[in-house]
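Please examine the sequence and the model below before reading on. The paragraphs that follow lead from strand pairing to the surroundings of the ligand.

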Amino acid sequence: MKISVCGKGGSGKSALTTLLANQAVSRGLGVLVVDSDESNSGLFKMLGFENPPVPLMELLGGKKKLKEKMRHTNILAESHLSSKDIPPPHLISRNGLMLVSIGKILQALEGCACPMGVLSREFLKKLRLGENEIAIVDMEAGVEHFGRGIDEGIDRVLLVVEPSFESIVLAAKIKGIAAGMNRAVSAVLNKIDSEKIAHKLESELKTRDIEVIGIVPNDPLVFEACLEGRTLGGGEAFNAAGKILGNLLSENRDTD
Ligand SMILES: Nc1ncnc2c1ncn2[C@@H]1O[C@H](COP(=O)(O)OP(=O)(O)OP(=O)(O)O)[C@@H](O)[C@H]1O
Ligand SMILES: [Mg+2]
C-alpha cells in the first residue's frame, strides 16, 4: 500500500508520516518513507536519522541532467523499482524504517521544482512494494502535487486537517481534485484539544462528504520533539496513529 499524506502547510503531515512509520515498524512491517517535500528538510530528524539521504535527484545526475532526460520519454530506465534497487546514500535505513528524498530546492534562482515533481511521479508509479512493506509519502503543502500527477501512483490519500477554516477549505478542494482522479480521500484530524473541537471539525468535513478515519490529539510530546528535532514515539498521538494504521491495514486486507 502506498499512502500519501497531504494537507495545509503546518497541519502535521510530517508528524503524522513519522508517527505512522514508527507504528508500522513496531508491527514488524518494512516502511519506505518518501520525502516528496522540496522545501522543508527536517523529516530525517523527525524519523530519528542523524543525516538526510542523498536525494534521488542526485542519483539521476542532478536537476540539470534530469531536465535534459525529461525531454526524452523515460527518466527512470527500469519499468519497476523496489527499495532494494536504491543504493545506500540515497536510501538510508534503520530497523525496517527506510527513507528516500526526491530533491530539495537549495539555491536562489535555481529554477522551478518541476523536474522533482516528475521524478516523484515516476518513482511512485514504478515503485513495487514487498508483501510486508508500506510506503508513506510526505507531500509538500497544498494541492500542487495533484496538478503534477504525483498522486497517480498512490493507493490511498490521507488528508491531515487541523482545526482551522483554511484547513477545512483546502480539505474540500483536495477531496474534489482527488475524486477527479478516482482516488479515495480519508481525513485525519490533528492537533485536537477537545471532543467538542473534534466533533465540530468532523461535522464540517461531513457536510463536504469527507470521511474521518482518525483523530490525533494535540500532544505536548509531539510539540517538544518537533521543537528539538527528535523522533516521535510514545504518548497519545503515537497511540492514535497506531489505531489509524490498524484501520488502513485492515481495510487494505479487505479489498485484496
Ligand atoms: N499532534 C500534534 N500535537 C502537537 N503539536 C503538533 C502535532 N502535530 C503537529 N504539531 C506541531 O505542528 C508543527 C508542524 O507539524 P509538521 O511539521 O508535521 O507539519 P507539516 O504539515 O509537515 O508542515 P509543512 O507544510 O511545513 O511541511 C510541528 O512542528 C509541531 O509543533
Ligand atoms: Mg512537512
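Two strands pair if DSSP finds at least two bridges between them. Helices (H or I, at least four residues) and strands (E, at least two) are DSSP runs, numbered from the N terminus. The model is predicted: local features need pLDDT of at least 70 and side-chain atom pairs count only at pLDDT 80 or more, while totals for chains, interfaces and linings use all residues. Residues are numbered from 1 along each chain as its sequence is written, and chains are lettered from A and ligands numbered from 1 in the order in which they are written.

Strand E7 and strand E8 (residues 211-217) are parallel partners, with 5 bridges between them. Within this pair, Ile192 lies opposite Pro217 in E8. From E7 the chain passes through helix H8 (residues 195-207) to reach E8, in a right-handed β-α-β crossover; that is, with the strands pointing away from the viewer, the path from the first strand over the helix to the second runs clockwise.

Strand E5 (residues 133-138) is paired with strand E1 (residues 2-7) in parallel through 4 bridges, and Val5 faces Asp138 in E5. Strand E2 (residues 30-35) also runs parallel to E5, joined to it by 6 bridges, with Leu32 opposite Ala135 in E5. Because 5 of the 6 residues of E5 are buried, this strand is largely enclosed by the rest of the structure (buried: 20 or more other C-beta atoms within 10 Å of the residue's own, C-beta atoms being placed from the backbone).

Ligand 1 is surrounded by 19 residues, the closest being Gly12, Lys13, Ser14, Ala15 and Cys226 (near: C-beta atom, placed from the backbone, within 6 Å of the molecule). Helix H1 (13-26), strand E7 (185-192) and helix H9 (220-228) each give two or more residues to this shell.

Notes:
A residue is buried if 20 or more other C-beta atoms lie within 10 Å of its own, exposed if 12 or fewer, and partly exposed in between; C-beta atoms are placed from the backbone.
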